[in-house]
Amino acid sequence: MKKQIILIILSIGLHISGFAQNNEPIDLVKVGDQVPAFSLKSTIHGNTSSDKIKGKVTLISIFATWCGPCQKELATLQSSINNGTIPWSIENKDLEILVVGREHNENELKVYNEKKNFTFPIYPDPSREFTSKFAKQNIPRTYLIDRDGKIIFSSVGFNEEEFNEIVSLINKELKKQ
């Protein structure tokens, strides 16, 4: 009986120590950090980069087509654009929206957007080159970048309250000159 208890305790101890050794951070950037240098390529939307967003308020959303919370976030984003609570349009030079499909190629995103009819650009990130600069896992990921390139908001997952906070921050930042 004593041997069994000792074996159970040793087993639990080894199991716990396995988790303790994996203390690698999931989040690679946080509020207050500068946006990491990046580039995104798209034959549909053109290429963009961290250099091209300088001086702009930028909303970055990392998603996947199979992710339920991502679908809610993108639908809410489109609705906010449609009703004017987020004053985005192709012509708006002060606000950039970068929606990035993690592990999706451009053709997959084209088919996806034909069903969804989103008006914002969706960029492919088939090998997680872009995504890996921000976080190791968990989507959707949303970041708001100020005109100086500093991350001023970061969220994981989707809920209406946080999204409303992002909308508020976008509008507050756009009023600053």
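Me: How many aromatic pairs does the ring rule give here?
Reply: Rings of Phe, Tyr and Trp (its six-membered ring) pair if their centres lie within 6.5 Å, with planes under 30 degrees apart counted as stacked, over 60 as edge-to-face and the rest as tilted. By this rule, you get seven aromatic pairs. Take Tyr 112 and Phe 118: the ring centres are 6.1 Å apart and the planes sit at 50°, so that pair is tilted. One aromatic cluster is made of Phe 38, Phe 130, Phe 134 and Tyr 143.

Me: What kind of model am I looking at?
Reply: It's a predicted model, where local features need pLDDT of at least 70, side-chain atom pairs count only at pLDDT 80 or more, and totals for chains, interfaces and linings use all residues. Residues are numbered from 1 along each chain as its sequence is written, and side-chain values use heavy atoms, leaving out hydrogens and water.

Me: Is Ile 170 buried or exposed?
Reply: Buried means under 20% relative accessible area, exposed over 50%, and partly exposed in between (1.4 Å probe, protein chains only). Ile 170 is buried, at 0%. Both Tyr 112 and Phe 118 are buried too.

Me: Which residues does Ile 170 touch?
Reply: Contact means heavy atoms within 4.5 Å. Leaving aside residues up to four places away in sequence, Ile 170 touches Leu 59, Ile 86, Leu 95 and Leu 144. Ile 86 is 84 residues from Ile 170 in sequence, yet their C-alpha atoms are 7.4 Å apart in space.
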